[in-house]
Amino acid sequence: MRVVISGGTGLIGSALARRLQAQGHEVVILTRGAKGGPAGTAAGPAAGEGADGGGGPLRYLSWTAKPVASGDPRPGWWEAVAGAGAVVNLAGESIAAGRWTPRQKERIRESRIQATRALVQAIEAAEPRPAVLVSGSAVGYYGPRGDEVIDEEAPPGDDFLSRVCVDWEAEARKAGAAGVRVVLVRTGLVLAREGGALPRLVLPFRLGAGGPLGHGRQWMPWIHLDDLVALFAFLIETPDLEGPFNGTAPEPVTSRDLARALGRVLRRPSWLPAPAVALRLALGEMADALLLSGQRAVPRRAREAGFRFRFPEVEPALQDLLGR
């Protein structure tokens, strides 16, 4: 099938594109960086060989992640959406890109809302329409929840990230009115050797100053990148699945337990905490939202649907990513 991915040059999107190519699918990545070609199209690098010996084609199309005003011409990238087997929406400003000033918070919210609205607009106009829209979200949907075990039935919280996720998901759900299956993936802390949070978590351990964040009792729902990418593929390929799915491993851990696991894998001390007051001074509101509070989120719906995690526990996941 053809799979169109917005945000396909990021950590998750590029890994998903590689997996889909290896399975022989055509992958179209929507990016603001592509230039040239008719109707704003641009050919990407030639598709490489997939892990199974085959490789589907890969293209890059330039897009502006905003809806089109009434009466304006249709963007060239809309043609890729028509007849696609799936559209995957991962576009949005990084929530950890900088201190949460009022302007940055607006960019975080609007980048997600506008990109999702643009994709849904293209889906509504497509003939034939895609089979499924798999749209990113985050476990921040639930807000800080203490020790409560959280599955997909839990209601949203009421902090900044919760409100962003609620509005983000609401835009994606509008594709359902066009007869398109809509899946929402509420992702936790993604562990990957290529980037994301893990290299930043590892650095103080390598310097001999590793430990938990703050008091260390907050829950950190995490997932190995390979499992998250496999979950996205599973949700694309399973036609009876829709609605929200927690993109987290079955065994969430506290910050203290994560620090201990990192210390064992890296063979470094793990007892020196990063003081909450220092994190708040450095990061402001973002420190409480991302580092000092959390959710004990579990992937109930994915497991009930038959999805199998390669890395349900954090220490084997870290050993796979960091072990020598």
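**Ring contacts and nonpolar cores**

The charged end of R112 sits over the ring of W168, 4.9 Å from its centre, a charge being placed over a ring if NZ of Lys or CZ of Arg is within 6 Å of the ring centre and within 35 degrees of the ring normal. K105 likewise has its charged end over the ring of F160, 4.9 Å from the centre of that ring. The model is predicted, with local features needing pLDDT of at least 70 and side-chain atom pairs counting only at pLDDT 80 or more, while totals for chains, interfaces and linings use all residues. Side-chain values use heavy atoms, without hydrogens and water, and residues are numbered from 1 along each chain as its sequence is written.

Six aromatic pairs were counted, where rings of Phe, Tyr and Trp (its six-membered ring) pair if their centres lie within 6.5 Å, with planes under 30 degrees apart stacked, over 60 edge-to-face and the rest tilted. Y141 and Y142 pair edge-to-face, at 5.2 Å centre to centre and 85° between the planes, and both Y141 and Y142 are buried (under 20% relative accessible area, 1.4 Å probe, protein chains only). W63, W77 and W78 form one aromatic cluster.

The largest nonpolar core has 34 residues, and I5, V88, V134, F232 and L235 are those with the most contacts inside it; such a core is a set of buried Ala, Val, Leu, Ile, Met, Phe, Trp, Tyr and Cys residues joined through side-chain atoms within 4.5 Å. A second, separate core of 27 residues includes W63, W77, A80 and A115.

Note on methods:
Buried < 20%, exposed > 50% of the residue type's maximum accessible area, 1.4 Å probe, protein only.
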